[in-house]
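Walk me through this model, from the whole chain down to single residues. Keep it brisk.

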Amino acid sequence: MDVAKAQDKNMTDRINKLRQQSLNAVNLINAERAVLVTEFYETGIDRQVSVPVSRAMAFDHILRNKLICINQGELIVGERGPAPKACPTYPEICLHSLDDLEILDSRKKVSFKVDDEVRRIYTEKIIPFWKGRSNRERIMNSLPPDWLDAYKAGVFTEFQEQRAPGHTVLGSKIYRQGMTDLLKQIGEEISRLDFIQDPMAYEKREELKAMEIAANAMIKFAGRYAVKLENLAKGENEPSRKSELLKLAEICRHVPAHAPRTLHEALQYYWFVHLGVITELNPWDSFNPGRLDQHLLPFYRKGIEDGSLTKEKAIEILQSFWIKFNNHPAPPKVGVTALESNTYTDFCLINLGGVKSDGSDAVNELTFILLDVIEEMRLLQPSSMVQISKKNPNNFIQRTLQITKTGFGQPSYFNTDAITQELVRQGKTLEDARNGGASGCVEAGAFGTEAYILSGYFNLAKILELALNNGFDSHTRKQVGVISGNPEEFASFGELMNAFQKQLEYFTAIKMRGNNIIHRIFADYMPVPFLSLLIDDCIGKAIDYNAGGARYNTTYIQGVGLGSITDSLTAIKYHVFEKQTISMKGLLEALSGDFKDYEEFRKELVYHTPKYGNDDDYADDQARLVFRMFFEAVDNKPTSIGGKHRINMLPTTSHVYFGSVIGALPDGRKAHQPLSEGISPFQGADHKGPTAVLKSASKIDHLLTGGTLLNQKFAPSFFDGDEAINKLAGLIRAYFRMDGHHIQFNVVTAAALIDAQKHPEKHRDLIVRVAGYSDYFNDLGEDLQNEIIRRTEHQGV
Amino acid sequence: MRGLVFDIRKFTVNDGPGIRCTIFLKGCPLSCCWCHNPESQTGLPETSTKSISFDGRIFREEEISGKWMNIDEILEEVEKDWIFYEESGGGVTISGGEPAFQPEFLLALLREMKARGINIALDTCGYTEWKNLAVTMDYVDLYLYDLKILDDGIHQKYTGVSNKLILENLKKLADSGKWIVVRIPVIPGINDADEDFTALQSYLEPLRPGVNEIHLLPFHTAAENKYKRFGKENLMKNIKSLPKEALLERKMELEALGYIVKIGG
């Protein structure tokens, strides 16, 4: 179905083949990088040189010796592994045990095949060398017991435990400067070092030397591609591919050494840089080119004007570029995370639209071409989003909605004007803020100038559970939190909120202390000289990206479960303190028994208690309160690499894990069930339609965050016709006028409708369009429900 | 002053332009046998029993349909969505039941909404004294005027009343210069034959250009559950939903005559 759809469209035969190759490729673990990095460290050179220099030399060793892979017919070359979807490991960061490899090989979702050869290499070489030496072990040995207790209880997660920080997006630098230009700048910086006045001169020189090694390594790596392409050309009989191979070789000789001259060179340069960043280490939320329609526009226009490029050729190159992303799954994790998480795509979120650095409308002809590419490629990676400013035209939103309608969850919608204000509030210049956007899931960042490091998800609902148990965690059977009072003695809702705040402040402080330890470990032991070349002002400051070299350094803690915590607090306020339908003692009993013998009460909680998501201040006030407390506990607290802590509100899939470590909650949710997701209402808690959800969601101050995530479900029929599309555009505009940060439309599938028929209580919010009007799916008769299911199936979503 | 409201719905996208909020007033002089809001017909609050299947058990709950509300209460709810009306060119639709079934309340509500600058659509069956409609013309931006059956005898049979007043009122309204959309619920076997459409055309022809837009609303079985819940007899039990596609030809015929036609609202 997928394929048929794509073939109908504007796709050349070769692109179709490459796309199929990417879709059919099996994820596998490849030991090439692990072997090369181990070989390097076995020489012991790292004990003779500084840490940054040894990291750069390890990088150089990998790029010099890895296999060069060129796929048949591709226009953008370069694979991280020896073949598409052959995924390397990073034992210096996190060492996979044989059990971990077993889990990856056999788990149901997003498995990575592990062959006997990899197992043998791991047994004989990788594990013996790295056991006790990986950065993960270094981190775990450095963290205090209170951190470890909270971590085990599921109060928060830790991103840097298995992956390097690296959350950043590239700006416009590479489109203006080649690696040789950067080398020149590095040379100048070295010559300017003052070993008398500057006590850090040595550290700076070592970092600059490391950057120099990394830049040269990348130029040589591209040269290896050029050689291979020239060899392939020799053996190629088909004249057009032969000349194409020679042209590609010429491109690889020009970039990344020099600034690109054409659209093709610009994309190939970016791709080499991308490979460098994800080979050097395994940064979170893999790197991406960010504002692609802005960066490429001058090259596109020039090519069209001088006749060297056609629109069709540009599309083909872009499609080939798109497929490269899809060939690169995220490096798989270990332990519990590997067992339960299935988010194994990295989040390369390409940004379109928004505003230029002078604040004017940035939508251009290439924006629409890229939207076509997104629609035709229909790939999980790269992911895509549109930035919508009040200055952007409506036809931009309308075109994007038509893609959303096809139901693969892309692109998502972001509010440029909110992002700009968020970044400016944090202290960025207006221009740097306008050059930014969102990456990963929804995280705001100043592209090319900021290290914005996600440090971990924070379980807001767990904090309430701990407050209701005076700090005792029934999941790990341990006093994990502070003594915040026996809830049965609380005389008012205010006293409960005080206890909640006490626990919240206790655990956010633990998390931030941990962050500051982990940041130093990365700064001291795992610098990234190659990434540092790319992000301003690492070269100028002669400080590594992981040590605070970027112009802006931000560390985020991401709050999870806003809907669940809001509804739970509201239920306590309503039933215990106001209506007094139950005592605190009774409530605690109901919760500890998972509502056994309290079914009637649970029904009241689910159906007859005010809930977040219905534009009802009675409930939404608790969202405001919790948000404010979380914000004040974290925002502006310093980090150990010269940055600031900030908050985000997003879960990825952690709301499922976080739910699994919490018993029953006062909102009526049963033990171990998932929490609410993003800033969305708890599943089924909203029953007044999307406008009420958006109103509730905008009651927290998005501008104080670095990103919030809101999902909205719609049946495909809501996208039928121009009028319907315009109404959805109005919905987005209204949410963004209220400073909403992000909204994403999930087009409801037939399978979801079938589930709604079976479990109506989970889908109270599901609205469908019946002929001529809309209604709650639950309210429809079974025949009509079946009819709508059939119709949805027919629409192919 | 208070009026009897049986529902207020947000994000209604089929009752006029833009994103709208629809206020459903209770009470209707007609009793169409295909009515999809059977609980809207009587002019008094009604109690029904709703069963909720929950945790493997069935809970029965009494539900009261119809709530006496004053104008401020309604406006408070309606104005929560101001920003959506503004961004989408939407507003409020007053529907029913039949809004003019509570004429004084309707007029007071219209006045207050107009004073606040809200775009107003009025969804009416047209069965009310002309003066009740005439007074609304100063406030209403769009009339959604329901036409069912042109033959008076058949009209009486299926709706319980004569269509004379309805047809006369539309004629008068057509002269007002207001934006009018005629909405026709198309019911299989009752008003979907060729002669029904011929009759419709010859009735509407003299009303042009006052009436230039027609929405065909295909019958659907959405109300089946409601009939059960309110213990009312569903006379349309054996009639199947009409797919949108079945009306495409009708749409094209009417378009050929120069009408703006939509299937669905």
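Chain A holds 33 helices and 16 strands. Helices (H or I, at least four residues) and strands (E, at least two) are DSSP runs, numbered from the N terminus. The radius of gyration of chain A is 27 Å, close to the 28 Å that the globule rule gives for 797 residues, so chain A is as compact as a globular protein of that length. That radius is taken over C-alpha atoms, and the globule rule is 2.2 Å times the number of residues to the power 0.38.

This is a predicted model: local features need pLDDT of at least 70, side-chain atom pairs count only at pLDDT 80 or more, and totals for chains, interfaces and linings use all residues. Residues are numbered from 1 along each chain as its sequence is written, while chains are lettered from A and ligands numbered from 1 in the order in which they are written.

Along the principal axes, the C-alpha atoms of chain A fill a box of roughly 80 × 65 × 55 Å. Of its 797 residues, 57% count as buried. A residue is buried if 20 or more other C-beta atoms lie within 10 Å of its own, exposed if 12 or fewer, and partly exposed in between; the C-beta atoms are placed from the backbone. Take the contacts in chain A with a separation of 6 or more: residues 24 or more positions apart account for 77% of them. Two residues are in contact if their C-beta atoms, placed from the backbone, lie within 7 Å.

Next comes the sheet. Three strands of chain A form an open sheet in the order β8-β11-β12, with parallel pairing. Two strands pair if DSSP finds at least two bridges between them. The edge strands are β8 (450–459) and β12 (644–648) of chain A, and each pairs on one side only. From one strand to the next, the twist averages 30°. Here axes are lines fitted to C-alpha atoms, for helices over the stretch in contact, and angles run from 0 to 180 degrees between N-to-C directions. Strand β11 (residues 552–560) of chain A is joined to β12(A) by 5 bridges, and the two run parallel. I557(A) stands opposite I647(A) in β12(A). Strands of a sheet pair through backbone hydrogen bonds, either parallel or antiparallel.

Now turn to the interface. In chain A, 33 residues are in contact with 29 residues of chain B. On the chain A side, the elements that give two or more residues are α27 (599–607), α30 (690–697), α31 (721–737), β16 (773–776) and α33 (782–794). α31(A) gives the most, with 8 residues. By class, this side has 12 nonpolar, 7 polar and 14 charged residues. Ala, Val, Leu, Ile, Met, Phe, Trp, Tyr, Cys and Pro count as nonpolar, Asp, Glu, Lys and Arg as charged, and the others, Gly among them, as polar.

Stay with α31(A). At 1.5 Å a residue, its 17 residues should span 24 Å; its end C-alpha atoms are 25 Å apart, which agrees. The expected span is 1.5 Å times one less than the number of residues. The buried residues of α31(A) include I725(A), L728(A), L731(A) and F736(A).

What follows α31(A) with a positive phi? It is D739(A), with phi near 70°, although D739(A) is not a glycine. D739(A) lies in the loop between α31 and β14 (742–747) of chain A. With 18 C-beta neighbours inside 10 Å, D739(A) counts as partly exposed. D597(A), also not a glycine, has a positive phi of about 65°. D597(A) is in the loop between α26 (584–592) and α27 of chain A, and is exposed, with 9 other C-beta atoms within 10 Å.

Two peptide bonds deserve a look. From Q381(A) to P382(A) the bond is cis, with omega near 0°. P382(A) sits in the loop between α17 (365–377) and β4 (383–388) of chain A. From R208(B) to P209(B) the bond is cis, with omega near 5°. Most residues other than glycine have a negative phi, and most peptide bonds are trans.

Last, Y90(A). Y90(A) is found in the loop between β2 (86–87) and α5 (98–106) of chain A. With 24 C-beta neighbours inside 10 Å, Y90(A) counts as buried. Leaving aside neighbours within four places in sequence, Y90(A) is in contact with L281(A), N282(A) and P331(A).
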